[in-house]
Amino acid sequence: MRETRTSLCRLCTAYCPIIVTVEEGRAVAVAGNPEAPLYGGYICPKARALPEQHYGPSRLTRPLRRRADGGHDPIASGQALDEIAARLGAIVDHHGPRSVAVYVGMGSVPFIASYAIAAGWLRALGSPMFFTAGSIDKPGILIALAMHGMWQAGQPPVDTADAWLFVGINPVISKSPGFPGQNPGLYLKRLVDRGAKLIAIDPRRTETAKRAHIHLQPRPGEDPTLLAGLIHVILEEKLFDEAFVTANAQGLEALRAAVAPFTPAYVAARADVPEADLIEAARVFARAGHSGVSCGTGPSFATHSTLTEYLALCLTTLCGRWARAGERLTKPNVLLPGFEARAQPWPAFQGWGFEPRLRVRGLGGCVSGLSAAALADEILLPGEGKVRALVVCGGNPMMAWPDQMKAHAALNDLDLLVTIDTEMTATAELSDYVIASKLTLETPMTTYMPESVKYYGTTRGFDQPYAAYTPAIVDPPAGHDVIEDWEFFWGLAERLGFPIPVTTYFGNGPQAEHAPVTFTLDPKGPKPTTDQLIAMAHRSSRVPLEQVKQNPNGQIFESDQRVAPRAPGNDDRLELAAAPMIDELAAVLAEDNRAIEADYPFRLLPRRLNNILNSFGRRYAQLARKPYNPAFMNPEDMAALGLAEGDAIRITSPHGEIVGIAEGEAALRPGTVSMAHGFGRNPGEEDPRGSGANTGRLMSAEVDYDPITGIPRMGALPVRIAPFMVQG
């Protein structure tokens, strides 16, 4: 029997609505859902490959246990949980709870309770060592919001903008939550068609930059320099919203003094962009009726990521691009709790420097979480507090962490490594146990996740009160032994004898719309279903979950909620001159970003691919058009080095080297090389043409790192390039 069922793709936070063709209980085809609002029937190639992900040869359908020779054999999930619990108990007894850590990656995005239950389980165990991929990918956003403050009512809808600034972000390909991910290409087209002027800052002429009114194609790593230059022009020409700033912000004169040296002439020369274009970009942004800023992974990886995000917030505040009293509230919430939004700030707060403290580089707790870039050192460093057991939930540290050689040494040094995943990743290959998990079409879910990313950036989340629910629409393959991520932690808690406290937060620290929602999972009682967990997590939603379930295509729930005026007596302010940011801007002014160019004349840039997400998709014939990640270069650079298309090249940084495969791309600024991350294999298994190269080999976690978030330089990496000669 052949039928179609509605569902949601959950490979990234876009959560595109899909139509799944099911035949004899198996998903055989996936298409976009044209009846769903917001998305216009759009899906990307990754969604169309969902059937291959569910039934292809790389799918894990039963747990594995590592043999002494490094191979793996099947093991029943119950027995695996018995053995893992016993080993964890022994490690805690000998070394204390802190010796156990959890790392949660992007693979947890599809599941309602993975993150909160994993964190609650670890907290109940007594360990503070909880790490997430968010501490590697753009952790500066939350720190910047802590230092600047956040406007309670958010911004007007993006689709009403007259101008928009994109800093190292290409939402057409990345579906990045830094810009609405619901068919972003169509979003941009409609903006341009209605006369909005886009401004792109990117060393590559991306799909987004091609639509731009102004494209600044700078020397890599100069994003904070350019933003400081835009602010300089706006202040110098008095283009800012003086009334809004006077009423709602502080630090204007300190900011003015800090950006004074960043004149258009200085910035243009330093970043190597036309001075006239820089000035025009500032004027376009400031004179627009509504405009906003979206920052991407590129500037986050290039150091000074928090400063870049902070200056973007300052631009927004200087021009008064926040919703005003009486306007319709853009994000009144649906599955999140309702709240009263006022036209006033949540003020800045200290968002870092609290417990737990790590043992390396002076890093500690902060609103963006413990630094995963430091976790390898916490494993390798001997002494009290050494991490000896690690549970990896939906992540692939061997492909994601900076300094792959150190990551490899660390994961091999553990007494116990457990990976929960759907395929045999590079990390799973090193694991003592691999727990096979369910896939998205086999589990129910709501759009809670993409709605809640509003708390992690002002331009994130749905711009309309949209929500949807999907049930599980297929069963796992016959003969399976797969479980959901949360069931793994339930099983461990059951064996170790403690309940799991689950807490969901609705904001960034004290910038919260609603009090946390908490509940406890007690393994002594009956095991809940995933739908029951969803109901518990949504019990404070503005629109009841049962109402959301009534429309299988999803729905925009109308709301006439208006932004309330400032509360009587409130004088909270947004901060335009946070001392750490002013100091860092002075450090940017003093640094010489070109000093290393004689030895390393190129800059390596990160990039996203439309058919691959991090390390996902490389094993699927439908997606892996090339099994490797090309080293894209400007054809002029290739000609100067005597390189032809497809030549192997040696890419060397101050910290390591890899072999890439050269491919020409005229859209790249000369002097750059661009590669996707998440490729390659474990050390000793290198195959540049077969599996690509891992750019983490070129990075060090111990230099050029942010002192708060710990994120090291992962982009704008200085490298040199030479033809690769096979040693005879």
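This is a predicted model: local features need pLDDT of at least 70, side-chain atom pairs count only at pLDDT 80 or more; totals for chains, interfaces and linings use all residues.
As background, most residues other than glycine have a negative phi, and most peptide bonds are trans.

**Helix α7 and its surroundings**

- Helix α7 spans residues 184-193, and its buried residues are P184, G185, Y187, L188 and L191; because these residues cover an arc of only 160 degrees around the axis, they sit on the same side of α7.
- The buried residues of α7 pack against β9 (163-167), α6 (171-174) and β10 (197-201), whereas the face turned away from that buried side carries the exposed residues R190 and D193.
- Just after α7, the backbone at G195 adopts a positive phi of about 100 degrees.

**Positive phi in residues other than glycine**

- K138, which is a residue other than glycine, has a positive phi near 65 degrees, and its place is in the loop between β7 (130-132) and α5 (140-148).
- K138 counts as buried because its relative accessibility is 8%, and buried means under 20%.
- A716, also a residue other than glycine, has a positive phi near 50 degrees and is found in the loop between β31 (672-676) and β32 (717-723).
- With a relative accessibility of 5%, A716 likewise counts as buried.

**A cis peptide bond**

- The peptide bond from E355 to P356 is cis, with omega near 5 degrees, and P356 has its place in strand β15, which comprises residues 352-357.

Conventions: Residues are numbered from 1 along each chain as its sequence is written. Side-chain values use heavy atoms; hydrogens and water are left out. Buried means under 20% relative accessible area, exposed over 50%, partly exposed in between (1.4 Å probe, protein chains only). Helices (H or I, at least four residues) and strands (E, at least two) are DSSP runs, numbered from the N terminus. The arc is that of the directions from the helix axis to the C-beta atoms. Contact means heavy atoms within 4.5 Å.
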